[in-house]
Amino acid sequence: MNPKEFLLHECENVLATLQDVLRHDYAAGSSKEFYNEFCERLNYLKSLIDPVELTDISALALFANEVSVLSTLVHRIERSHAGEFPWPFTEYLKSLANPLCKEHLVVQDEDEPIIRVYAEGGLFSYQINLENDLSVLNVGRRIFTIVFPRTLRHHVLLHAIFGHEIGHAAWAVPQHKSALKGQVVEPLREAGPLNSTSQAKNWLKQSDAPAAIVELLEAYPDEYSDISPNQLDSWFQEFMCDLFGLVTFGPSFLAAHQTLLLALDPSGCLWGPYHPPYVCRRVMLWRACQHLGWPTFPAGIQDRELRASCEGFVKKYSGEAPGKWEDIFSQEQIAKAVDALRDILTKAGTSCYLMPDDPTLLPLVKMLHGQIPPCGSDLRGSEAPANRSVDFRHILFAGWLVADELSAQATVTGEQSYFLELNKLCEMGLLQQRAIDRYNDHKAGDKH
Amino acid sequence: MTLLSMYKRDDSRTVYRILAEQAVRYFDHPSPGTESKIPLTNLSRLLQRYRYDAFSYDDAPGIREVFKTKGESQGGEYVTTSAKASLEVIPALEAAHARVYQAISREDLVGSLMTLLALLASSTLPDDQDTKQRLAKARLFFETLSEGLKKRNA
């Protein structure tokens with residue numbers, strides 16, 4: 001079997017696997033769209049492989065990669081078991097991501113990505129695979145694959161971290177990338193220690209750097225003493241995505257970001273080719289919160305207990321003033337970037353997070369206190385219940401407020417199961433809220 | 001250890017040579033529907049990248065990454081540690097732009113070409129003289145692009 005024959009054979013294998021996979025009810029929602037897109041890709045690829053000369057090495061190498069990409073994709077779908085991740089959360093996530101990720105290409109009605117979901121092992125697995133490689137030939141509608149950590153199946157409060165990943169998805173659309181680069185990233189890059197690689201290297205060696213940074217430089221001089229231009233580009237993309245998460249998901253993102261990233265890197269000082277040290281990301285978010293006026297939000301809350309709860313939240317996640325070394329952006333830089341980002345999102349049709357008022361937030365928190373899934377259900381017992389639409393992000397915020405109250409008690413008792421139970425309640429709340437929203441939408445549609 | 005490891009290549013030159021050749025064929029023999037959808041869609045993506053100067057590989061690496069330190073063996077099929085710009089296709093695009101459309105701006109060029117690609121993908125191709133001329137010019141653009149990418153391939 002020569003390379004071309006093998007590739008054609010493997011195309012048949014991939015098709016057989018696809019048909020086998022979709023016989024099982026792995027994933028609700030977009031299976032038909034996925035199947036159609038996948039078959040179109042496979043047919044197109046076969047039509048390219050068929051006439052290729054065995055001497056066209058570059059084309060054969062490219063086609064081998066293309067077949068491998070399809071094989072990987074079908075395997076991901078095979079692992080996409082409906083029960084392994086929170087469906088209601090995923091549907092809300094799609095509603096935020098879809099307007100942003102819509103491409104305006106040649107075939108109308110087919111320019112939204114197909115979004116699929118699967119669970120993966122490991123705490124590092126939160127990710128969106130974007131099909132954003134220039135050297136891939138065979139993409140009709142993009143298939144975005146959202147990856148959740150398998151063990152955090154019910155932890156919708158932590159899934160607010162996906163606000164960051166939507167930033168990467170938006171970056172994959174050239175029109176948004178251009179705007180984000182020029183209006184959000186550029187203000188961040190124009191001043192400060194990460195303005196150039198030479199300044200960045202000096203910054204690492206500054207005398208006021210945290211002790212953990214000094215230790216890293218000594219222990220791993222090969223990896224940690226250099227910062228390349230590509231690395232800086234990636235770091236700024238990460239900063240942008242963190243702002244993206246904050247602006248789209250609100251306070252829940254702040255809490256999820258801190259909880260997950262500090263758990264993975266308790267020093268907050270590690271960095272890599274893509275990600276800057278957490279301590280810098282945290283300070284940037286602190287400044288963004290100041291700009292958004294969130295520290296003064298609790299003062300406007302009428303209910304005394306809720307106000308105390310919000311004050312506790314603000315203090316915990318955005319309270320401390322930054323240390324000098326990690327404070328790499330000025331308030332003016334952050335203000336410019338955040339305002340531009342909000343403007344870009346609004347134009348794209350994605351709603352930025354707005355802090356809730358008392359009448360919205362208080363019932364959600366009270367429901368959680370009563371072990372009831374938080375949502376806009378009317379529980380007054382009236383004959384014609386008036387169920388309300390509630391932004392799903394307020395449900396997450398309420399969840400985090402109660403999580404912090406319970407966390408204080410758990411510290412005394414040593415019992416940590418409250419967090420899973422709280423997440424399950426919020427997951428159920430999202431599910432019920434979706435039903436309410438659909439009912440209200442249909443009702444509004446009927447009226448029109 | 002996996003069967004094979006390799007550094008990630010920039011195949012964009014081969015990708016767009018193939019797509020541009022196909023576009024030329026569709027200009028000669030329009031084939032609306034699923035057959036032309038993928039190549040024309042991908043050419044539109046290329047044009048969008050050209051319009052917004054968005055030529056780079058941008059991975060979404062998740063919330064944190066773990067890389068092995070030097071001295072430890074790397075796993076996986078590909079090794080890539082940073083966002084790399086893909087620049088090989090740009091000179092060929094610029095040359096085709098300059099040769100066929102001269103001083104027209106990138107934005108106008110891309111707008112015009114995408115309209116024509118959408119026409120090709122649809123089942124309604126107008127038969128008037130103006131459209132024929134615009135299609136002929138667009139065909140020359142993609143022909144020049146594929147030739148340019150072949151030359152660099154040599």
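I count Ala, Val, Leu, Ile, Met, Phe, Trp, Tyr, Cys and Pro as nonpolar, Asp, Glu, Lys and Arg as charged, and the others, Gly among them, as polar.

Ground rules next. This is a predicted model, where local features need pLDDT of at least 70 and side-chain atom pairs count only at pLDDT 80 or more, while totals for chains, interfaces and linings use all residues. Residues are numbered from 1 along each chain as its sequence is written, chains are lettered from A in the order in which they are written, and side-chain values use heavy atoms, with hydrogens and water left out.

I looked for cavities (sets of points on a 1 Å grid over the protein atoms alone where a 1.4 Å probe fits but cannot get out; lining residues have an atom within 4 Å of a point). Volumes are the space filled by probe spheres set on the points, joined across faces, edges and corners. I found nine cavities of 30 Å³ or more.

The largest cavity holds about 120 Å³. Its lining includes A:E131, A:R142, B:Y16 and B:R45, and I sorted that lining into four nonpolar, two polar and five charged residues. Helix α2 of chain B (residues 34-52) gives the most, three residues; helices here are DSSP runs of H or I, at least four residues, numbered from the N terminus.

Which residues line the second largest cavity? Among them I noted A:K102, A:H104, A:R142, B:R45 and B:Q48. Its volume is about 90 Å³, and its lining has four nonpolar, three polar and five charged residues. Here too α2(B) gives the most, with three.

How values were computed:
1 Å grid on protein atoms, 1.4 Å probe; cavity = no way out; pocket = protein on both sides within 12 Å on 5 of 7 lines; lining within 4 Å. Helix = DSSP H or I, 4+ residues; strand = E, 2+ residues; numbered from the N terminus.
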